[in-house]
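Hello,

Here is the structure I promised to pass on. My notes follow below it.

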Amino acid sequence: MRDGVAGTIGNTPLIALPKLSAAIGRTILGKAEFLNPGGSVKDRAARGIIDDFERRGLLAPGGTIVEGTAGNTGIGLTVVANGRGYRTVIVVPDDQAPEKYALLRTLGADLRIVAAVPFADPANYYHQARALAESMPGAVWANQFENLANRDAHEATTGPEIYDQAGGALDAFVTSAGTGGTIGGVSRALKARDASIRTVLADPYGSALYSYVKHGTLDVEGDSNAEGIGIKRIVANFSGAPVDDALRVDDRAMVEMAHWLTHHEGLFVGGSAALNVVGAARFARMLPEGARVATILCDGGDRYRSRLYDAAWLAEKELTPSATDLSFL
């Protein structure tokens, strides 16, 4: 028996991708985070952040949780908050998939959609969320980027689950970073169990984290349509993460993999999950045959149907998938 909806978060299956694994001669394992009740890996951070607020006595019954998010953390926070009697105010930039806005409204969040502007602009969704929380009596700001309860949740749950489900037989872990909580927490947990496991960042173009891991600088190259991943600054959850290496993944490969997974593995996932699988497969190919590499299947494809799976949007972005094999790897 689970204790409320929050009790159903985590313990998601680690699934082998048989066709991809056979094609590259290495086993790719995906942590099926889209099976969480809020539909994404961000449910773990949401529960961890709310648990921490409650432990510290910062959330009173009927209190309000405010957060700035690309969508999934807001969804996770609202799911947990609804189950525990809190309300949520969610600030989201206006460049995200409309399915996320619709779901947040359906769940009952007080949704504030703001212009997508750079982080340095005071009107950025992050700063607007902080200001809202400070102005509202009884409100707390989740602050997922800097709040280490995010990373701690993954170190306590996601990382140990992956290691145990893989039977301790794991050569590498590859994933992207949004807040850095997943890669930071999982990497710490895996390294504590086996220091030889390689931990690798898969970064979209337009993010500075690849440059930071490879060269120690925050240089940015190109741009990406990936949602919720890739940042241009070092936040607390990513700072100090034991990341061994990094690789970049382009939008073309991300889109091709999303459609390939749907049609060949039966996995209908979002762009970040597809990007992660590309990164895992590319890094696996650098390892000896038979290597085992795990990654995160962050969320499902349903909340990206109007973009990643829409023919008109893909054509507009010149990303219409065309590969019939895995040549894009």
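Which residues does the UniProt annotation "domain: Tryptophan synthase beta chain-like PALP" cover? The unreviewed entry gives residues 7–299; such annotations may be inferred rather than shown by experiment.

This is a predicted model, in which local features need pLDDT of at least 70, side-chain atom pairs count only at pLDDT 80 or more, and totals for chains, interfaces and linings use all residues. Residues are numbered from 1 along each chain, and side-chain values use heavy atoms, without hydrogens and water.

Residues 7–299 are 41% helix and 17% strand. Helices (H or I, at least four residues) and strands (E, at least two) are DSSP runs, numbered from the N terminus.

Helix α3 spans residues 72–84. Of its 13 residues, 10 are buried (under 20% relative accessible area, 1.4 Å probe, protein chains only; exposed is over 50%, partly exposed in between). Among them are Ile-75, Leu-77 and Val-80. Just after α3, Gly-85 has a positive phi of about 85 degrees.

The whole structure holds 19 salt bridges (a side-chain nitrogen of Lys or Arg within 4 Å of a carboxyl oxygen of Asp or Glu). One joins Arg-84 and Glu-54 at 2.8 Å, N to O. Arg-84 lies in α3 and Glu-54 in α2, so the pair ties together parts 30 residues apart in sequence.

Lys-214 also pairs with Asp-245, at 3.0 Å between the closest N and O atoms. This links helix α8 to strand β9, 31 residues apart in sequence. Lys-214 is partly exposed at 38%, while Asp-245 is buried at 16%.

Best wishes

Conventions
Expected span 1.5 Å × (residues − 1).
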